Amino acid sequence: MLLVDGGVVLAALDVLSKEIVHAGHRYAVGGLSTVVTRRAAQGRGHGRRLVAAAREAMAVQGLDLGLFTCDRPLRGFYEGAGWRVLPGAVLVGGTPGEPFPSDQPGFDKVTMGDFFSARARGVEPLFCGSRVELYPGEIDKLW
Ligand SMILES: CC(C)(COP(=O)(O)OP(=O)(O)OC[C@H]1O[C@@H](n2cnc3c(N)ncnc32)[C@H](O)[C@@H]1OP(=O)(O)O)[C@@H](O)C(=O)NCCC(=O)NCCS
């Protein structure tokens, strides 16, 4: 997704998605990746606007939930766009053979998310405080 003004890209992000199995159930999950605002245009609300729009787009495209990690200082930025912290949730990225967890040494990540489908809203406690095997692969090891 791009936020464009007069041909200039002010902010950009990727929405990645896949199916996961968590606690024995299958979910369509989306996540945010490569969120960035043009340096000269930072601090004007463009990032928040785009990240909020991505949340709304993900909610209507049939995903059960959104899940991603961010560096702890950015928690407030994402909360301001409607996302929330999933306390104690850890995303396990990479692959089953080469896992890349969000709580590895040297990382200070928080897991953000939102529950879109009625089915997913009912199981929110199963995601908090748990390790979620996301396994997005070897390129975007952790979205
Ligand atoms: C993070 C980033 C996308 C924010 O974009 P932005 O357009 O400058 O953000 P906004 O103007 O929409 O800010 C919204 C709120 O988040 C806060 N915020 C923005 N960037 C922040 C940061 N790096 N750390 C902490 N808070 C931040 C703002 O202070 C603002 O809060 P306020 O409404 O209370 O004033 C931008 O700083 C960026 O491109 N950073 C480099 C890439 C990056 O770190 N991406 C995130 C990957 S997870």
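**Helix H1 and its surroundings**

Student: What makes residues 46-60 a helix, H1, and how does the span from its first C-alpha to its last compare with the one expected?

Tutor: Helices here are DSSP runs of H or I with at least four residues, strands are runs of E with at least two, and both are numbered from the N terminus. H1 has 15 residues and reaches 22 Å, close to the 21 Å expected at 1.5 Å a residue, where the expected span is 1.5 Å times one less than the number of residues. This is a predicted model, in which local features need pLDDT of at least 70, side-chain atom pairs count only at pLDDT 80 or more, and totals for chains, interfaces and linings use all residues. Residues are numbered from 1 along each chain as its sequence is written.

Student: Which residues in H1 are called buried?

Tutor: Gly-47, Leu-50, Val-51, Ala-54, Arg-55 and Met-58 are buried, meaning that 20 or more other C-beta atoms, placed from the backbone, lie within 10 Å of their own, whereas 12 or fewer makes a residue exposed and a count in between partly exposed. Glu-56 and Val-60, on the other side of H1, are exposed.

Student: Why are the buried residues of H1 said to line one face?

Tutor: Seen down the axis of H1, they fall within an arc of 145°, so they line one face of the helix; the arc is that of the directions from the helix axis to the C-beta atoms.

Student: Why is the radius of gyration of the protein chain said to agree with a compact globule?

Tutor: The rule, 2.2 Å times the number of residues to the power 0.38, with the radius taken over C-alpha atoms, gives a value near 15 Å for 143 residues, and the protein chain has 15 Å, so the two agree.
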